[in-house]
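Let's take a walk through a protein together. Keep the picture in view as you read, and follow along one stop at a time.

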Amino acid sequence: MSALKKLLAATLISTVLSSCSFGPTLEKDESARAIFDTENDQVILPLDAYNTDGKDEYFTKALELARKKCFAEHGQHYEMFVRTEGSGRNLGRTYGIWNVERAQKYGLHEREDSNTLDLSSPAASDPGKDVRTECYQRASDEMKQIGEIPFGSATYRRLETDARDAAGDRQLKKSLDDEWKRCVKDKGLTPDSEMTVKESKNIPHSTVASEEEIRIATIEAQCNQDVGRSQKLYDLEAQYQKPLVDKNQAALENELKEFKRRDEQFKQYVLDNQ
């Protein structure tokens, strides 16, 4: 074979190989859609039913009660944090704020409802590092004696990552980001990234949203809805998640069942100590 033919053959092979994808090709369900729950300020994807983040009913409360009991033995009050409804939900801000109704009420603030503070008695002075270290360790050891610690689903984590990687359409995202920037600019704001505007940097930090913050947040969220950025990008994730859920449903169900079984072991401790 002449040098020229060898060169042409090598070039052809290189071209074919470079056009191939060696990563897994995931199935896509074009009918799947993300659900945007405006009232509860969350985005619901097919895999979310198997997400156990913040979903334990007894373990966290048992751990906190054990800590509180230890602090009390040292004459200290422990400010107990207990998960409340809404903890662990998908806020859906990966692609910017989208909830116009919420923006009109709360501006750019996120609802901080993952924990509630137990103020049943006044907090004492800082117990110091030694007491805190002792009580945290004692509580952890006590939980291990009661049962196995509930943990999240490994299958859920893997599938969520796979779907997100597959849905990483950079060209689509850039196109939607550019549309969003044009939209907020047309409404008088200055975009300084694909999801933020310069004017938001000047908003004073406060627990209550100002009129200016509400105005900015409403424009950002409305433009997100107008160009369909969050809807289209979350829909894409949902379209890759749905077939993965269907194919791995048995494993997901079993891991969710195991999580609940482990959590249930701490029920009696909570009933005896709350």
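Two residues are in contact, or touch, when they have heavy atoms within 4.5 Å. This is a predicted model, in which local features need pLDDT of at least 70 and side-chain atom pairs count only at pLDDT 80 or more, while totals for chains, interfaces and linings use all residues. Residues are numbered from 1 along each chain as its sequence is written, and side-chain values use heavy atoms, leaving out hydrogens and water.

Start with the whole chain. It has 10 helices and 4 strands, where helices (H or I, at least four residues) and strands (E, at least two) are DSSP runs numbered from the N terminus. Of its 274 residues, 38% count as buried, meaning under 20% relative accessible area with a 1.4 Å probe, protein chains only.

Now look inside. A nonpolar core is a set of buried Ala, Val, Leu, Ile, Met, Phe, Trp, Tyr and Cys residues joined through side-chain atoms within 4.5 Å. The largest one here has 17 residues, and Ala62, Met143, Phe266 and Tyr269 touch the most other members. Helices α2 (59-73), α4 (128-146) and α10 (267-273) each supply at least two of its residues, with the largest share, 7 residues, coming from α2.

What does Phe266 touch? Not counting residues up to four places away in sequence, its partners include Tyr58, Phe59, Ala62, Met143 and Pro150. Another core, of 12 residues, lies apart from the largest one and includes Tyr50 and Tyr156.

Finally, visit Asp41, in the loop between β1 (35-37) and β2 (42-44). Its phi is near 55°, a positive value in a residue other than glycine. Most residues other than glycine have a negative phi.

Definitions and conventions:
Buried < 20%, exposed > 50% of the residue type's maximum accessible area, 1.4 Å probe, protein only.
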